[in-house]
Amino acid sequence: MRAIRFHQPGGPEVLTVDEVADPVPTGDQLLINVTASGVNYADIERVAGVYDPPKVLPHILGGEVVGRTADGRRIAGLTRGGGGYATRAAVEAHHAVEVPDPIDDGQALAVLVQGLTAWHLLRSAARLTEGETVVVHAAAGGVGSLLVQLARHFGAGRVIAVASTPEKRELALKLGADVAIDADPDTYVDRVLAATGGAGADVVLDANAGPILAAAVEVLAPFGRVYSYGDAGNEGRGLVDPEKLAERNAAVGGFWIGPVLNRPEIFAGPVADMFGLITSGALNPLVSAEYPFDEVKRALTDMRERRTTGKVWLRI
C-alpha cells in the first residue's frame, strides 16, 4: 500500500510517499480501505518532534480515517499512534463509528478529533449551562467553528467569536456567533467587556495560549471558567495568579483529547450525536478544500501558515 511517512524530524518537507506492507489487524481491530484522512495541527508538531514523537522511525503520520471495511460498511475511526495517512489502516472497533450516507468524508473527519474536542470542552470540561456567555478563540478554525455552533446548540445565551481577520470574523457570524471581535491581545479585554455589557464571560475557550490566554482571565464573570486546549501561537501558557481567580471565584483549566480517547464509553456517543446534528442540518462542520494524497506537504504547510479554515483533509 501507499503511505505518507517521515524518516527524520522536521517540517512538512521531510514527508515522503512510500510503498509499505499492509497493516495486519489484531484483536478487535478493523481493516479499513481508506478514502480520506484527516489532518490535524498535532500532525505538524509530531513531524517536528515537539509533540508525542514516535519512538521508531520511519513513521506513518495521521490518526483519522474514513473508508470501508471488507464487508462494505462505511466507517470513520481513529488510528491510535499513527497510520492514518495511508491507503489502508487498522482501527480499533471501539474507536470506529458507522457514517450515515448523507455525510461526506470531510464532514465525518471533522467530528472525530476536532468535534470530540469541541463537544467535551463544552460538556465535560467547562460544563456549559443554559444562558451562559461563551467566548471562542480561533473561532474560524476546525475546533473553533464547531465550538461556536455547539455552544449555541447547547443553550449558550451569547456566543462571542474571536478571530484574526475580517473574513474569519464574518464566517464566525454566519456560523451563529452573536458578535465577532479582533484577536489583538492589546484590545481584547476592552472588546470582550464591551460585547458583554461589562458583565464578562462565563466560559472562555482558548487554542492560542500566549498573551490572549492571559487576557482571558481578565474578562471572566464571577464563577467564570477559562479552558486552554492548545498553544497554536507557540508562546506558552504562562502562569496564572490564584489571587486573581479568587477575586472572581473563577477557574482556569486545561483540556487534551487523549484522556477522552482512552475512555471508549465517551467516544462513540458524541460522534453519533454529531452525525445526527449534521444530518438534521443543526451542525455544519467547516470543511477546508480537500488536498490530493500526493500534496500532503502543501496541506501541512498551509495549515501551519494559517491559510486554512475548518477541517483539512487528504483524499486518498
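Biologist: How far apart do the C-alpha centres of domain 1 and domain 2 lie?

Modeller: Domain bounds come from an automatic or database domain assignment, and here the C-alpha centres of the two domains lie 28 Å apart. The contact between them, meaning heavy atoms within 4.5 Å, takes 14 residues from domain 1 and 14 residues from domain 2.

Biologist: Which residues belong to domain 1 and which to domain 2?

Modeller: Domain 1 covers 2–112 + 265–315, while domain 2 covers 126–254, with residues numbered from 1 along each chain as its sequence is written. This is a predicted model, in which local features need pLDDT of at least 70, side-chain atom pairs count only at pLDDT 80 or more, and totals for chains, interfaces and linings use all residues, while side-chain values use heavy atoms, leaving out hydrogens and water.

Biologist: Why does the radius of gyration agree with that of a compact globule?

Modeller: The radius is taken over C-alpha atoms, and the globule rule is 2.2 Å times the number of residues to the power 0.38. For 316 residues a compact globule would have a value near 20 Å, and the protein has 19 Å, which agrees.

Biologist: What share of the residues counts as buried?

Modeller: Buried means under 20% relative accessible area, exposed over 50%, and partly exposed in between, with a 1.4 Å probe and protein chains only; of the 316 residues here, 53% count as buried.

Biologist: How many helices and strands are there in the protein?

Modeller: Helices (H or I, at least four residues) and strands (E, at least two) are DSSP runs numbered from the N terminus, and the protein has 11 helices and 16 strands.
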